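Please find below a colleague's note on the structure under review.

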Amino acid sequence: MIKGSRNATIVPHGKHLHIEPSTISFDNIEANMKYIQTLVVRNLSTYVKRIRCQPPTSPEFRLDCKNEIAVAPGLSVSIDVEFLTRKPLDYVDRLFITAEDFRFEVDLSAKAPCAAITFDSSVNFGTVVTKRVHHREILLRNEGSRPGTYEIVSPLRSLKLTPWAGKLAPAGSSGDTQRVKVEFNQDAANPVHELLELKMEGLSSLVSATRTIEVHAQCVDQHLHIYKDGQIISNLDFGNQYHGLSKVVQVELVNDGPVACAFSASVAEVHEGGEEGAPGGAGGAGGTSLPQAYSPTETVEKAQQPLTVSPFAGQVPAFGRVPLEFTFSPAVFNEGKGFICNRKPDRHTIKHEYAGKIESEELNLAMPLKLTGNAVLPAIKVFPEMLSFGHCPVNHRRDVVLRITNSAANMPLDFEIPRVPHMTVQPMKGKLAPMQNMNVVVSFTPKALGKYTQDLIIQYCSNLYSHTMRCTAEAPMIGEKNVPVKGLERTGRDFDPEHNFVNQDNLSLAPPRMRNLQSLTKIMKTDLAKNQNSSEALDSIMMDLPEPTPYSLSPSAMQEHVRNKQRFNKHLKDSRAKRRALEKAVTDPSQPVDIFFEDDVNMGMAPGSGLKSPRYCVDDIPVDKLSLQRALDDDSGNRGVTGHRYVHDENKLIKKKFKAGPTTQAEVKECSNSLENWQLGLISVGPGVLDFGNVYVKSTVVKSFSVYNDLQQAVLVHMQYDSEELSRSTPLSQVIPSAQAAGFDVSICSAVPQTFQRQVGYTINGIHAFKLLIKAEITPVQIRMSRSDINFRFGEDSLERTLTEQLMLSNQGNAPARFSWQGANTCFSISPQSGVIRAGASCAVEVVFTPPNNGGMMEHFLTLKVEDGNDQSLRCAGQAPEAVCAFGIRRLDLGVLAVGLPSDRSIPLVNS
């Protein structure tokens, strides 16, 4: 900075003067009234400026100042602009302010009282989805002192304006604003840039009566796709799966649109909703009809369904994806009857075909998914069928090679052999490839004397199935125990067991001595009662027999054993002799045929290969159930605490509410348990679908969703209200005690007309998930008029100055409706001007016609304004012909009259 200089404001060339305001406007002018506005001119330069004002050309505008004014640096001067007129019209003029090289133009305007409608000049829908209705609003506001009308013309059929025309009251009064709802729905995916033509009346002549509103939207198609390994699929094959095992296949549900949408997934058999091969298209026009709401009862009914999907409901974010898991789990196959020799498990195959469906109500989309899978039976073969180790002394071992074979052609199989006393198995577990066999060494190492008959169980297919083998062995004597090598002298070979394999084909026991068997036969043919000395011979002979032994029976007991056998042998011989003698004595030897198999030996087999017996059986007669509220012989399912069938009523609210969460230790334990299918069947919920019907916008309707707990324990039910329309529903969760019913008050309220259909999920104990379907038709408030046209006619003998007609307004909705009338004038008036009609009630209004004096035909429209509803018009028309009276005679002659005396004459008056 230079020393001695001072700060100065640097002003651009040509901008040394600042004038404010740049325009002067006189609004809502009236005749013979002066209006004044001040114009301020400020000098921004460092030297004196002389300004000159060129006055307006119109005589209505006048300047109150000198023609040439000197303005010092940094100071300002005020100029008064006056306006005065005798005719309140619109005027436009200009005022020029000059100063040397400066010239500024100030626009002058004056407006008569008129309407001034303001609005947003652009409506941007952004990125929207095709084939769906999207809503936006245009707010029209009248800031003028006079009413104005508008009319919006749309060049597109995809744009719907409600209301497209109307009237705006002056600013500050009721009806000075109007919300125009813009609905956009287009099928083609392309950008939209259109202009809406807005025609207005009642505006100033200085303003254009036609304006445009820009509409912008980017329309895209939105679909849901099912991806697996990066490819879109329409069918899912699980292949072969063993009975009892589960196979989970994960797919992804991809949303390619800009809007998050809810979905529901379900699986049902093909014959439940339609025939196989006729699935529905993308629009859901055909295919299987799957249930949209599940309950615990339906879960019990479909508990044996081998194909399930999880999660069954959710929301896919915009341009996002959600994983879905399809589980194929065929039930364990139970071979209750049959012969082992005829088993062919390798040929057993059950084909399952199910129809999956993924629905999105917001997109009006239903995607079918064909699900197939084969349930096969694990097939295992063992050789030999029975293990016999023969004689093995104690402290010795006998080994048998057991061959296990997997007979399945394309499925691996795992097996496991549990421990058995006195036996070792190596290896104890393994996994067999298709058609592979494995040798398993079974070793018998007895630790005590005696006979051994045990079962060797082979468990396979994740221990779901088993095969039992009979193992026999005998340890008749104690053998010498080998001393193992210890210390440093022990080598790797000493750690390996020394196998002593048994040849199953050449296995035989030592033959008993024939002399002893012949002597025993001779003794049994004799009568032991007469030969008391035979016990000694019997003792010596029974030493070689396996059972009974002389160590288990005394000689006298053994003698009694043989005597018993002789007694029964004699009984059989005598019975045969009597039967032969009876056959010879009877002349007709034929015996009646036992067709009912009464004397046959019961072998556990159904006679006649399953045919019905010709004999009547009392057990086959069905038992009639008792007609009680709770049948004593009801075998349809498990009974609960009360056994009552709870009746669910959606219109009856349950006032008693239980606590939101468990508080005691017992409740926490009960509310976290996983329930079985029969327990879920004792929890009754309803109704499955809550249909609210027609509901007014901004009104609230409440219905009850009830849950009845017939278990002996408490359950926790938690509702999931995801949509904004259901945010007022209470409560979110309840702990329902045993034998109690709880109610959830589902409340719906929406500020936008729409067709509402949502699936609300709820969980029991936080584990078992189900869903509830809620429907509603959200409509604007509607008031029905008994008639839309009123014609007023005076009778010939009517002398009334006014004529009154009655109009009935009815409200058939669910909430009160507020209304008001606009457009009344001196000829047509209405009473009451505003009011409230309760739900399901009606209101009577009176329209009064006051005819003018000239007797002309009058026609006028009254507007019924409904809060949160559409406006309606009432046409009123009436005429009262002008009454003309005339004297019947044109001349009245009173004749000669006397002064001071009255005289009466009659003159006819004619209504012409």
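The points below concern overall composition, salt bridges and surface charge.

1. The coordinates are those of a predicted model. The protein chain has 912 residues, of which 35% count as buried. It comprises 8 helices and 56 strands.

2. In the protein chain, 68% of the contacts between residues at least 6 apart in sequence join residues at least 24 apart. The accessible surface of the chain is about 55800 Å², and carbon and sulfur atoms account for 50% of that area.

3. The structure holds 19 salt bridges. In one of these, E82 pairs with R62, with the closest N and O atoms 2.5 Å apart. Because E82 lies in strand β7 (residues 76–83) and R62 in strand β5 (residues 61–64), the pair ties together parts 20 residues apart in sequence. E82 is buried, at a relative accessible area of 8%, while R62 is partly exposed at 44%. Both residues also belong to a network of salt bridges with K34.

4. A salt bridge joins D789 to R875, the closest N and O atoms being 2.8 Å apart. This pair links distant parts of the chain, 86 residues apart, with D789 in strand β47 and R875 in strand β54 (residues 872–879). D789 is partly exposed, with a relative accessible area of 35%, and R875 is likewise partly exposed, at 23%.

Note on methods: Residues numbered from 1 in each chain as written. Predicted model: local features only at pLDDT ≥ 70, side-chain atom pairs only at ≥ 80, totals over all residues. Heavy atoms only, no water. Helix = DSSP H or I, 4+ residues; strand = E, 2+ residues; numbered from the N terminus. Buried < 20%, exposed > 50% of the residue type's maximum accessible area, 1.4 Å probe, protein only. Contact = heavy atoms within 4.5 Å. Areas by Shrake-Rupley, 256 points an atom, 1.4 Å probe, with all protein chains shown as cover. Salt bridge = Lys/Arg side-chain N within 4 Å of Asp/Glu carboxyl O.
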